[in-house]
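This report describes how the chains of one model fold and meet. Please keep the sequence and the coordinates at hand while reading.

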Amino acid sequence: MSAVTGRAERGADVELRGIRKRYGGVVAVESLDLLVQPGEFVSLLGPSGCGKTTTLRAIAGLIQPDGGLVIVGGRVMNDVPVHRRGLGLVAQNYALFPHMTVMENVTFGLRMRGMAPSEIEGKAREALATVQLAGLEERYPRQLSGGQQQRVALARCLVVGPSVLLLDEPLGALDKKLREAMQVELKSLQRQVGITTIFVTHDQEEALTMSDRIAVMHQGRLQQFATPQEIYEAPRNRFVADFIGVCNFLEGRVSGRDGAALLLRTDAGDLVCVAAPADGSPPDEGARVVATLRPEKLVVRAGKPVVAGALRTRLEALVYVGTAVHFHLRTPSGERLIAYRQNDSAPPPELTPGAEVQVTWEPNAARLLPE
Amino acid sequence: MTGVLCLIPLLVLLLAFFVLPFGVMLYQSFFLSLLQSPAGSSPTLANYAKAFGDFFYLRVLLQTLALGAAVTGLALVLGYPVAYVLARTRTRWRQLLIFLVISPLVVSIVIRSYGWMVLLGRVGTVNTVLQALGLVEKPLPLMYNWFGVVVALTHVLLPFMILTLTSVIEGIPESLEDTAAVLGAGWWQRFRHVVFPLSMEGVGAGITLVFMLTIGSFVSVLLLGGSDTLVLPLLIYQQVILLNNNFAAALGMSLLAISVVLLYAQARVFRVRGAA
Amino acid sequence: MRRDPGALALRLYCGLVLGFLSLPIVVAVGVAFGSDKIARFPPTGLSLRWFGVALSNATFVSALGNSVILAALTTVLTIAFGLPASLALVRQKFPAQPALEAVLLSPLSLPGVLFGVSMLFFLGAGGFGLAWWGLLVAHAVIAVPYVLRTTLAVYRAMDRGLEETAMVLGANPWQTFRHVTLPLLRPGLVAGGLFAFLTSFDNVPVSIFLTTARTTTLPVTIMSYLVNQDFDPIVGAISAVQVALVLALLVVLDRVYGIAQITSFGGQ
């Protein structure tokens with residue numbers, strides 16, 4: 001059994017049932033149900049104020065929820081005091097004890113448990129080796145760089161063998177290059193140790209890169225809990241679609257079918273294809289719906305549509321971003337769209353601001369928002 | 001929850017030995033002493049009537065307030081420039097300057113008063129120097145009078161004024177003064193239109209603090225003052241010595257009332273950033 | 001600071017004021033090294049005899065002993081009552097907290113005579129006489145705000161996440177306090193304790209009402225000496241020793257903990 005993982009080889013599962021928390025009149029978290037599998041890396045993603053940090057602190061026991069259950073490894077934790085929960089927490093500023101050396105920081109948890117000094121040192125050195133920080137044992141936190149401090153915080157956390165690892169925006173204080181490097185390292189460390197990890201972030205790219213599943217939160221409620229792919233390709237509501245990446249929204253009325261796909265008549269009068277919902281309950285004829293379209297899935301051509309199923313737009317602006325060109329478009333009924341075109345070849349010269357442009361896509365690229 | 005428990009010992013201590021004694025003093029101020037009324041007395045406002053009605057005692061009160069105003073004014077005028085320099089200095093000098101301003105505060109007030117006595121006495125340093133330079137023929141009476149008291153008290157209270165003002169001036173971005181200078185303002189204009197107005201809250205806090213401490217001053221007035229420099233704290237001491245406890249209590253409550261009003265003003269009106 | 005001629009005049013002025021602040025202390029200490037029979041500055045000759053006279057004066061020595069013991073006990077009391085109170089004030093939200101803190105810190109500004117007189121009346125009314133504990137407790141009341149102020153400042157500036165992290169790592173509340181909170185609070189406690197000690201040691205307005213011939217303190221003794229007799233350099237000698245000790249203490253503590261920052265008197 002390795003020193004770093006301690007008793008739990010794969011980590012415990014974390015279940016939240018009906019968690020709610022209010023501060024005065026403000027709802028921080030409402031009716032939160034979540035089940036994280038052992039060994040899984042889950043991100044809590046959302047804008048500030050969405051309740052993700054409150055949720056994390058509730059799992060750690062630093063906050064008492066007004067209602068609901070926190071269950072870790074099958075054990076209800078609500079009445080268990082913080083220092084007996086056996087979890088690991090790394091805060092955004094790492095919270096390294098400034099008056100202790102790296103070694104004293106890392107051995108802190110083990111010392112508080114009354115472990116024998118000879119054993120403690122061995123485990124600590126192993127932990128530091130795991131995070132690639134051997135040799136800095138006698139330094140003080142203020143003598144370390146941001147990246148090194150973060151690794152000490154991780155080593156300190158993992159050496160006591162927690163069943164779950166809780167991370168509160170731990171990469172927020174790092175600059176971009178370092179942050180990306182740490183994302184990769186953190187993920188591989190998590191794989192290696194196999195510990196259940198819950199990671200709070202407001203950075204959707206970070207969440208998409210690192211997570212096995214993402215829990216998107218907004219105004220205290222869980223919006224969608226799914227794999228990064230599902231979240232991106234099949235957002236469940238407008239907030240999720242809009243928060244993750246860039247998304248176009250097309251509104252219109254259901255106007256018949258075309259084989260497996262549905263036909264949508266836009267407000268401007270165009271008839272376009274959208275994918276029928278996978279769960280097999282298509283909306284009624286004439287119902288008002290919204291379809292989501294990711295910009296990279298749109299195909300842009302100059303001129304008025306000659307085939308049916310294309311959207312008429314006018315090109316308002318072109319933005320060159322190196323790897324691609326972003327087209328900013330507007331439909332006759334005033335809706336805005338953004339389309340990305342990969343820069344693998346030069347764009348046609350007719351595509352200039354003011355030109356008429358037709359937009360098409362694969363039928364599966366346009367999904368209906370379940371409303 | 002344990003948080004509340006931790007506060008209770010202090011609250012009990014203060015209730016028993018701060019609030020209660022003041023309560024006893026308040027109670028006693030409403031009665032006449034056995035000397036004045038051997039048969040005991042019922043609650044009366046006679047002590048207060050005497051404190052504010054008798055011209056002698058009223059004069060003592062006014063002298064106390066006037067002393068407060070004089071020392072406060074002096075401390076403000078003398079101390080403001082020092083506070084400005086202290087606030088704007090970023091070099092290693094800063095540590096030394098702060099040390100020099102704080103160190104008088106840790107030296108006993110008796111020692112400081114003693115130093116002034118050696119300086120201001122008839123055969124003291126100042127007189128000796130003045131006579132040696134031929135500026136005066138006879139030694140000047142610099143002690144056992146209001147002059148000595150004001151000098152000594154200004155010396156004692158100056159650090160408080162300086163530190164309060166420094167803290168506030170530090171909060172005024174130097175870039176504002178730079179901008180004013182670029183726009184053509186000379187040093188007086190910068191002071192008058194930029195620095196001073198923005199420091200008003202600190203000036204108010206400093207004034208209230210120094211005034212409060214001055215009217216409560218005891219040692220300096222006793223040592224450097226004479227028979228006619230009577231202020232309220234000294235009067236209270238006198239009356240206790242004379243066993244006029246009840247009258248002393250009334251005087252004490254009056255001094256307390258003035259101080260509490262000032263304390264309230266300082267807390268509510270001048271919300272200066274504290275030590276954190 | 002700007003380098004114009006006005007700035008030079010300003011700095012000169014500062015030097016003068018700072019000189020003014022140090023003047024009486026320098027004089028009091030200087031007198032101790034004089035050979036004259038009366039206190040004179042600058043002294044006409046140099047001698048160390050006044051130190052000998054002071055140290056062999058029984059009244060002063062016993063008063064010094066009393067002051068030291070009293071101040072030490074006061075410091076212990078102020079920390080014992082003030083430290084838990086500071087923790088409570090930062091961790092909990094109390095009703096009318098600003099008002100509560102203003103009241104707790106009020107002895108810093110209220111006239112000391114009031115505390116002395118009221119305690120005297122209190123002891124009289126309770127039939128306790130001039131009990132020694134009355135003096136101690138009165139000192140504790142006026143000194144505790146110093147400990148409160150610095151400890152509150154340090155604790156409020158501290159990263160509370162450190163205590164939380166300690167608990168998550170498995171430290172129970174007592175362990176957290178002992179290994180994390182207390183070491184980080186130490187500068188505040190030391191600075192506050194120092195000021196509490198000095199407040200008690202130097203105090204006159206409270207002590208003068210509550211001391212007896214047996215339990216007198218050093219500053220009260222010096223005061224009655226000054227008020228009754230011609231001041232001779234014996235007071236200078238005592239002053240010199242006291243100033244040397246206190247300043248040395250201040251320098252050491254500033255080096256170790258940075259006292260100056262903790263005790264900025266910004267309008268309390």
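## Terms and basis

A residue is called buried if 20 or more other C-beta atoms lie within 10 Å of its own, exposed if 12 or fewer do, and partly exposed in between, with C-beta atoms placed from the backbone. The model is predicted, and local features require a pLDDT of at least 70, side-chain atom pairs count only at pLDDT 80 or more, and totals for chains, interfaces and linings use all residues. Residues are numbered from 1 along each chain as its sequence is written, while chains are lettered from A and ligands numbered from 1 in the order in which they are written.

## Backbone exceptions

Most residues other than glycine have a negative phi. Ser31(A), although not a glycine, has a positive phi of about 45 degrees. Ser31(A) belongs to strand β2 (residues 26-36) of chain A; helices (H or I, at least four residues) and strands (E, at least two) are DSSP runs, numbered from the N terminus. Because 14 other C-beta atoms lie within 10 Å, Ser31(A) is partly exposed.

Ala96(C) likewise is not a glycine and has a positive phi, of about 50 degrees. Its place is the loop between α3 (58-91) and α4 (97-105) of chain C. With 9 other C-beta atoms within 10 Å, Ala96(C) is exposed.

## Contacts between chains

Two residues are in contact if their C-beta atoms, placed from the backbone, lie within 7 Å. Two pairs of chains touch, and the most contacts are between chains B and C. Chain A and chain B do not touch, and their nearest C-alpha atoms are 14 Å apart.

The contact between chains B and C takes 76 residues from chain C and 82 residues from chain B. On the side of chain C that touches chain B, the elements giving two or more residues include α1 (5-32), α6 (132-157), α8 (173-202) and α11 (234-257) of chain C. The largest share of that side, 16 residues, comes from α1(C). By class, the side of chain C that touches chain B holds 56 nonpolar, 14 polar and six charged residues. Here Ala, Val, Leu, Ile, Met, Phe, Trp, Tyr, Cys and Pro count as nonpolar, Asp, Glu, Lys and Arg as charged, and the others, Gly among them, as polar.

Chain A contributes 17 residues and chain C 15 residues to the contact between them. Helix α2 (residues 102-112) of chain A gives the most to the side of chain A that touches chain C, with three residues. That side of chain A divides into eleven nonpolar, four polar and two charged residues.

## Nonpolar cores

A nonpolar core is a set of buried Ala, Val, Leu, Ile, Met, Phe, Trp, Tyr and Cys residues joined through C-beta atoms within 7 Å. The largest one has 164 residues, of which Leu157(B), Val210(B), Val117(C), Ala138(C) and Val141(C) touch the most other members. Leaving aside neighbours within four places in sequence, Ala138(C) is in contact with Phe17(B), Phe115(C), Gly116(C), Met119(C), Val206(C) and Leu210(C). Another core, of 77 residues, lies apart from the largest one and has Phe41(A), Leu44(A), Val152(A) and Leu154(A) among its members.

## Chain B

Chain B contains 13 helices and zero strands. Its C-alpha trace spans about 80 × 70 × 35 Å along the principal axes. Of the 276 residues in chain B, 47% are buried. Among contacts in chain B between residues at least 6 apart in sequence, 74% join residues at least 24 apart.

The axes of helix α12 (residues 232-241) and helix α13 (residues 245-268) of chain B come within 8 Å and cross at roughly 160 degrees. Axes are lines fitted to C-alpha atoms, for helices over the stretch in contact, and angles run from 0 to 180 degrees between N-to-C directions. The crossing angle makes α12(B) roughly antiparallel to α13(B); angles under 35 degrees count as roughly parallel, over 145 as roughly antiparallel, 65 to 115 as roughly perpendicular and the rest as oblique. The residues of this helix contact divide into nine nonpolar, three polar and no charged.

## Helix packing in chain A

In chain A, α2(A) and helix α3 (residues 117-130) pack at an angle of about 125 degrees, with their axes 10 Å apart. This angle makes α2(A) oblique to α3(A). Residues of the contact include Met103(A), Val106(A) and Leu110(A) of α2(A), and Ile120(A), Ala124(A) and Leu128(A) of α3(A). By class, the contact of α2(A) with α3(A) has seven nonpolar, one polar and two charged residues.
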